[in-house]
Amino acid sequence: MTLLLAGDIGGTKTILRLVETSDSPALHTIYQESYHSADFPDLVPIVKQFLGKANTPIPEKACFAIAGPIVKNTAKLTNLIWFLDTERLQKELGIPHISLINDFAAVGYGILGLQTQDLHTLQVGKSQPEAPIGIIGAGTGLGQGFLIKQGNNYQVFPSEGGHADFAPRNEIEFQLLKYLLGKHDIQRISVERVVSGMGIVAIYQFLRDRKFATESPEIAQIVRTWEQEAGQEEKSVDPGAAIGTAALQGSDRLSEQTLQLFIDAYGAEAGNLALKLLPYGGLYIAGGIAPKILPLIQNSGFLLNFTQKGRMRRLLEEIPVYVILNSQVGLIGAALCAARL
């Protein structure tokens with residue numbers, strides 16, 4: 001048996017999981033704990049506290065999924081002052097083999113460990129086992145990536161496709177683009193500014209300011225509070241979640257319009273990625289937003305906008321499309337990556 005440590009390291013929360021693996025591909029979870037990242041000056045004291053509570057031998061291998069770029073085995077977290085270095089971590093923790101990977105790359109590995117109940121099928125398509133696998137996920141930002149089959153394993157490739165240009169396709173999206181260019185006084189708008197948690201709020205503000213519908217007092221107050229807290233690290237409200245909930249409940253017309261525009265743009269960008277990859281191994285919708293608004297995704301124009309690519313429509317209709325329901329897919333991926341070290 002080999003003892004592995006997996007971590008999902010974010011600016012807000014750090015989740016650690018201790019797993020055992022043997023000759024079989026299955027990973028058995030021994031112990032798991034969650035920590036508030038800002039309560040610690042570094043990752044090392046969290047891991048030491050975790051291993052002390054787990055009361056097990058030091059793991060042989062560890063992999064940490066990081067919310068930030070990985071450069072030469074080092075990482076600086078986007079929303080923390082932590083600076084992580086694999087050589088230092090190995091020395092201070094006594095773990096012989098440690099790897100740092102981007103959090104969205106971890107999602108890529110995690111796909112390989114998901115079960116049927118962890119997925120919701122949006123489009124059955126015609127799966128081809130040797131074909132590429134695509135990943136797109138709206139959350140705080142917009143992650144994208146892909147997997148390529150190599151022998152009996154897959155290699156995971158991250159991407160910065162979320163920072164490609166937002167491409168409006170109709171009059172309201174052109175108006176949205178113009179609104180965002182003026183609001184931020186910048187020269188271009190990335191698709192991430194529209195298809196993400198911040199994108200939901202930006203779409204709401206656009207529709208509100210252009211008076212597409214009347215605001216409800218409840219959502220208006222939440223959005224105003226969030227706007228007043230601009231620049232603060234800690235926010236007291238989450239307008240994206242409030243808008244999504246109101247849209248699901250059908251209690252606020254402006255929120256419903258916001259989610260409709262958001263989902264249309266999400267589906268269109270997923271289709272753009274699919275055109276570039278032809279992921280007949282499956283296109284997986286990751287991120288924290290999709291599972292929360294799944295009924296809206298199922299009953300809205302997501303698939304219509306995904307396949308609405310002119311002469312390429314028939315190709316996209318054959319790509320399997322899944323929504324990942326398991327919120328710990330990144331942690332699963334980190335464990336699987338650790339097993340490969």
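**Exercise 1.** Determine whether Tyr35 and Phe40 are buried or exposed, and classify the geometry of their ring pair.

*Solution.* Begin with the criterion: a residue is buried under 20% relative accessible area, exposed over 50%, and partly exposed in between, with a 1.4 Å probe and protein chains only. By this criterion, Tyr35 and Phe40 are both buried. The model is predicted, so local features need pLDDT of at least 70 and side-chain atom pairs count only at pLDDT 80 or more, while totals for chains, interfaces and linings use all residues. Residues are numbered from 1 along each chain as its sequence is written, and side-chain values use heavy atoms, with hydrogens and water left out.

Next, apply the ring rule: rings of Phe, Tyr and Trp (its six-membered ring) pair if their centres lie within 6.5 Å, with planes under 30 degrees apart counted as stacked, over 60 as edge-to-face and the rest as tilted. The structure holds 8 aromatic pairs. For Tyr35 and Phe40, the centres are 5.9 Å apart and the planes stand at 85°, so this pair is edge-to-face.

**Exercise 2.** Which parts of the chain does the pair of Tyr266 and Phe302 link?

*Solution.* First, the geometry: the ring centres of Tyr266 and Phe302 are 5.6 Å apart and the planes make 75°, an edge-to-face pair. Second, the location: Tyr266 belongs to helix H8 (residues 253-277) and Phe302 to helix H11 (residues 302-307), so that distant parts of the chain, 36 residues apart, are linked. Helices (H or I, at least four residues) and strands (E, at least two) are DSSP runs, numbered from the N terminus. Third, the burial: Tyr266 has 0% relative accessibility and therefore counts as buried; Phe302, also at 0%, counts as buried. Elsewhere, Tyr179, Phe206 and Phe212 form one aromatic cluster.

**Exercise 3.** Describe the sheet that contains E1, and the helices that lie against the sheet.

*Solution.* Start with the strand order. The open sheet has 5 strands, E3-E2-E1-E4-E8, in mixed pairing, where two strands pair if DSSP finds at least two bridges between them. Strands E3 (27-36) and E8 (97-102) are at the edges with a single partner strand each, so one side of each has no neighbour in the sheet. From one strand to the next, the twist averages 15°.

Then examine one pairing. Strand E1 (residues 2-9) joins strand E2 (residues 13-21) in the antiparallel sense through 8 bridges; Ile9 has Thr14 in E2 as its bridge partner.

Finally, place the helices. Helix H13 (residues 329-340) packs on the sheet, touching E1, E2, E3, E4 and E8, and its direction makes about 140° with that of E1. Helix H2 (residues 86-93) lies across strand E4 (61-66) and E8, at about 140° to E8. Contact requires heavy atoms within 4.5 Å; axes are lines fitted to C-alpha atoms, for helices over the stretch in contact, and angles run from 0 to 180 degrees between N-to-C directions.

**Exercise 4.** Where does Asn73 lie, and what is its phi?

*Solution.* Asn73 is in the loop between strand E5 (70-71) and strand E6 (74-76). Although not a glycine, Asn73 has a positive phi of about 65°. Its relative accessible area of 49% makes Asn73 partly exposed. The flanking strands, E5 and E6, pair in the antiparallel sense over 2 bridges, and Val71 has Thr74 in E6 as its bridge partner.
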